[in-house]
Amino acid sequence: NHSNGTSVEGVGGSLDERRSPGETDTTLTDRQGHPIADNQNIRTVGNRGPSTLENYHFIEKISHFDRERIPERVVHARGAGAHGYFEAYGKVGDEPVARYTRAKLFQEAGKRTPVFVRFSTVVHGGHSPETLRDPRGFATKFYTEDGNWDLVGNNLKIFFIRDPLKFPDMVHSFRPDPVTNFNDPERMFDFLAGTPEATHMVTFVFSPWGIPANYRQMQGSGVNTYKWVNANGEAVLVKYHWEPLKQGIKNLTQHEAEGIQAKNYSHATQDLYEAIERGEFPEWELCVQILSDGEHPELDFDPLDPTKLWDQEHFPFLPVGKMVLDRNPENYFAEVEQAAFGTGVLVDGLDFSDDKLLQGRTFSYSDTQRHRVGTNYLQLPINAPKKHVATNQRDGQMTYYVDRAEGQSPHVNYEPSLLDGLTEAKPQGKDHEPAYQAKLVHHKIDRTNDFKQAGETYRKFENWERDELIGNLVAALQVCRPPIRQRMIDYFTQADPEYGRRVAEGLAQADAGSPHLGSVSAQQGADLAERMGRRT
Ligand code: HEM
């Protein structure tokens, strides 16, 4: 009985009572249950002779080892996870939460829902340093009584692009060159130079906000716009944000990050694990921003545009509960590597908005997980809901059990049926039924406004954050050829004239041989530019 309470069909009796003579709980066996008397020597013809093909224990052991890796996540490959709980406040700000959503996990003050969180970096591979400049992933699985809800977010509140069609190109440009297999900032900026909507996100990522000090001291955000639906089927638009409580927020300069990286590739994983082992449990408050459902022509941006912040002055953060992470995984691979989160995984009372990026994501996650983990990835304990599951989905690779209901005929794996099959659930409230009338088109949204918020963000930064931003951008752009540099400077100038001017001046200085701000990364940028013959 290894699964979430469901035993393997057809295996009766208690497994624990059957033992070979002298066998105890800690006796080594193979996966067939054979006690292993020799785990040191393979079977050979004489003690120096050739081995035989019937070395069953050896062949099983080595061939399982040969298959220990699964494909790593195509993005967010490097991560760390922890278990904990979410505790609802029963209110959204000062109002009863039921006014906006009927989702059960939020309704009663003090109600706890178990959670599993996986934090990650985005672009680099499974064993890359955790100090690299990159957004950070912040994915939470809530095991609610209505099934799972995954809030798959990042630390930053916005994203590079607003159309999912661009995602594979974006990721390719951020990844190593397909010929040389090393990272070249020119590839990234070549893509960004054709993607003006990314200017705001670039402004965050190249500032200290692009290197959170660790996973505990960072914020989280759902980024995309979702909906909340109440019992009458009425919807509002919501954005979700995680605010760190007692541990606070901390970011690193490029120089600080490089100091850590020289000694430790896993500082964020280690920090999270050790804090939890010490009993210093990190906590975040979940806040929402709420906006009535609609186009909001009075705003200078579209509320469905994930490259935009909803400013907190007009759309305050309303707390709905808090999360505590208080337990480390027992096994990294089983719980963290095989965890599968997706934006399609919502519960009653939560809904999608028409945010195009969100809709593209929603296809992508479970699609990749069927490839990365396997057809039956939802039967793994970390992904299975902690509640009744009864489906007519059957078979496929690695079927672990039949998710059949008590009382369901084993013959009836279809619905509808008059013969002891499964029946549909009762609706829990009125459906939210948005109406549409428009042409099917390939068009971008009207209010793109790509630069204004980037300028606001630039001006809100503290001086040291602006200095870092300029130094980091200059270091990366030094490697880029003139048309790419020029386009980026145009974008920064449209965001804020000073921003563009400082990047241009920094590049001119760097070209004249004085690496900007003397930062280590600027020196590396200059060296790389030199090697690649891209010095102007
Ligand atoms: C992971 C696709 C945008 C946050 C992934 C994975 C894919 C993916 C394929 C790997 C999942 C797995 O192997 O289990 C996309 C696409 C996007 C997009 C197509 C846009 C069209 C975003 C955005 C965010 C985000 C905007 C932040 C709000 C994450 C996180 C993970 C992830 C946190 C890691 C989940 C984990 O820890 O397992 N994404 N993504 N992604 N994505 Fe996205």
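User: What makes the radius of gyration of this protein agree with that of a compact globule?

Analyst: A compact globule of 536 residues would have a radius of gyration near 24 Å, and because the protein has 27 Å, the two agree. This is a predicted model, and along the principal axes its C-alpha trace spans about 80 × 75 × 50 Å. The protein has 13 helices and 12 strands, and 36% of its 536 residues count as buried. Among contacts between residues at least 6 apart in sequence, 73% join residues at least 24 apart.

User: Why is His 76 called buried?

Analyst: A residue is buried if 20 or more other C-beta atoms lie within 10 Å of its own, and His 76 has 23 such neighbours, so it counts as buried. His 76 sits in the loop between helix H1 (56-66) and strand S1 (79-88). Beyond its neighbours within four places in sequence, His 76 is in contact with Ser 120, Val 122 and Gly 137.

User: Which residues does UniProt cover with the annotation "active site", and how do you know that they cluster in space?

Analyst: In the unreviewed UniProt entry, that annotation covers His 76 and Asn 154. They are spread over 79 residues of sequence, but the largest C-alpha distance is 10.3 Å, and on that value they cluster in space.

User: What makes Asn 154 buried or exposed?

Analyst: With the cut-off for buried at 20 or more C-beta neighbours, Asn 154 counts as buried because it has 23 inside 10 Å. Asn 154 is found in strand S6, and, not counting residues up to four places away in sequence, it touches Pro 135, Arg 136, Gly 137, Phe 138, Ser 221 and Val 223.

User: Which element gives the largest share of the shell around the ligand?

Analyst: The largest share comes from H8, with 8 residues. Of the 27 residues around the ligand, those that come nearest are His 76, Arg 118, Gly 137, Pro 164 and Val 223. Two or more residues of the shell come from each of strand S4 (112-121), strand S5 (136-144), strand S6 (147-154) and H8. By class, the shell holds 13 nonpolar, 10 polar and 4 charged residues.

User: Which residues touch the most other members of the largest nonpolar core?

Analyst: Of the 52 residues in that core, Val 117, Trp 149, Leu 286, Val 288, Val 320 and Leu 350 touch the most other members. Strand S9 (residues 235-244) gives the most to this core, with 5 residues. A second, separate core has 40 residues and includes Val 223, Val 474, Tyr 491 and Leu 507.

User: Which elements do the buried residues of H3 pack against?

Analyst: They pack against helix H2 (167-174), helix H4 (199-205), helix H10 (463-477) and helix H11 (482-495). The buried residues of helix H3 (residues 185-193) are Pro 185, Glu 186, Met 188, Phe 189, Phe 191 and Leu 192.

User: Why is Arg 394 called exposed?

Analyst: A residue is exposed if 12 or fewer other C-beta atoms lie within 10 Å of its own, and Arg 394 has 12, so it is exposed. Arg 394 is found in the loop between H8 and helix H9 (452-460), and, apart from neighbours within four places in sequence, it is in contact with Val 402 and Asn 413.

User: What makes the phi of Asn 181 worth a remark?

Analyst: Most residues other than glycine have a negative phi. The phi of Asn 181 is near 65°, a positive value in a residue other than glycine. Asn 181 lies in the loop between H2 and H3, and with 8 C-beta neighbours inside 10 Å it counts as exposed.

User: What kind of peptide bond joins Glu 415 and Pro 416?

Analyst: Most peptide bonds are trans, whereas the bond that joins Glu 415 and Pro 416 is cis, with omega about 10°. Pro 416 has its place in the loop between H8 and H9.

Methods
Residues are numbered from 1 along each chain as its sequence is written. This is a predicted model: local features need pLDDT of at least 70, side-chain atom pairs count only at pLDDT 80 or more; totals for chains, interfaces and linings use all residues. A residue is near a molecule or strand if its C-beta atom, placed from the backbone, lies within 6 Å of it. Helices (H or I, at least four residues) and strands (E, at least two) are DSSP runs, numbered from the N terminus. Ala, Val, Leu, Ile, Met, Phe, Trp, Tyr, Cys and Pro count as nonpolar, Asp, Glu, Lys and Arg as charged, and the others, Gly among them, as polar. UniProt positions are given in the numbering used here, feature names are shortened, and annotations may be inferred rather than shown by experiment. Two residues are in contact if their C-beta atoms, placed from the backbone, lie within 7 Å. A nonpolar core is a set of buried Ala, Val, Leu, Ile, Met, Phe, Trp, Tyr and Cys residues joined through C-beta atoms within 7 Å. The radius of gyration is taken over C-alpha atoms; the globule rule is 2.2 Å times the number of residues to the power 0.38.
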